Amino acid sequence: MSKGILTVISGFSGAGKGTLMKRLTRDYDNYALSVSMTTRPPREGEREGIEYFFVDTDIFQKRIQQGQMLEYACYCGNYYGTPREYVQEQLENGRDVILEIEIQGALQIKKLVPDCLLLFVTPPSAGELRRRLEGRGTENHEIIAKRLARAVEESEGIEAYDYIVINDNLEECVRQIHSMVQNAHHTPARQEALIKEIRGELNGFSKGAE
Ligand code: 5GP
């Protein structure tokens, strides 16, 4: 069985990544969505173990020391990280794993797993991003300002990604992400067994013709 694709999805806060991920895992079967650990307090409606594992800084640091985090980063004053075990298990079982993480974590993953797929989600414009962040109503002005300042930094790193996805139309965006992941299954690096088999057969034919 071929291993699954590890896809990293980043994007400015307010780009709509959370909604996209929910839709992607609802519409298609083969995705496993990694649940991150964070020291940020839960927003209204967020549930332990569904949106995040919510922990305090002591526990988070312990998990880092124990080597249990695949990657982690500090974002706007809170730690966020990906628990290693779930991701490894799912990939080995052939599932396509999605990490919805920010850019520092994405770059750590690229080093660890060079054939991962890095996707960057953005709204069609900066004005639209601000409208969405303000319209969400889950953060106060100070936090929104922090997140917009962070978006400036993140915009500097977009070139490190494999593809940009413009989140204008939800359905279209989900289809695009799905086809990008499916296409990644067809790169020669991921088709080694098939290539080997065809080469072997071709060699057999040419020997038969001698
Ligand atoms: P939020 O607080 O809006 O849920 O997430 C803030 C940022 O942290 C988002 O850009 C999100 O993608 C990122 N994030 C969520 N989980 C992780 C993680 O496990 N690792 C890293 N590096 N970033 C994460």
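Two strands count as paired here if DSSP finds at least two bridges between them, and the strands themselves (E, at least two residues) are DSSP runs numbered from the N terminus.

## Ground rules

This is a predicted model, where local features need pLDDT of at least 70, side-chain atom pairs count only at pLDDT 80 or more, and totals for chains, interfaces and linings use all residues. Residues are numbered from 1 along each chain as its sequence is written, and side-chain values use heavy atoms, with hydrogens and water left out.

## Strand E6 and its partners

E5 and E6 make a hairpin with 2 residues between them, and Cys 76 in the turn has a positive phi of about 50°. The pairing of E5 (residues 69-75) with E6 is antiparallel, over 6 bridges, and puts Glu 71 opposite Thr 82. E3 (residues 36-38) also pairs with E6 in the antiparallel sense, over 2 bridges; here Met 37 stands opposite Gly 81.

E6 (residues 78-83) is largely enclosed by the rest of the structure, because 5 of its 6 residues are buried (under 20% relative accessible area, 1.4 Å probe, protein chains only).

## Around the ligand

Arg 147 brings a polar side-chain atom to 2.8 Å from an oxygen of the ligand.

Notes:
Buried means under 20% relative accessible area, exposed over 50%, partly exposed in between (1.4 Å probe, protein chains only). Helices (H or I, at least four residues) and strands (E, at least two) are DSSP runs, numbered from the N terminus. A polar contact is a pair of N or O atoms within 3.5 Å; within protein, one must be able to donate a hydrogen and the other to accept it, and residues adjacent in sequence count only if both atoms are side-chain atoms.
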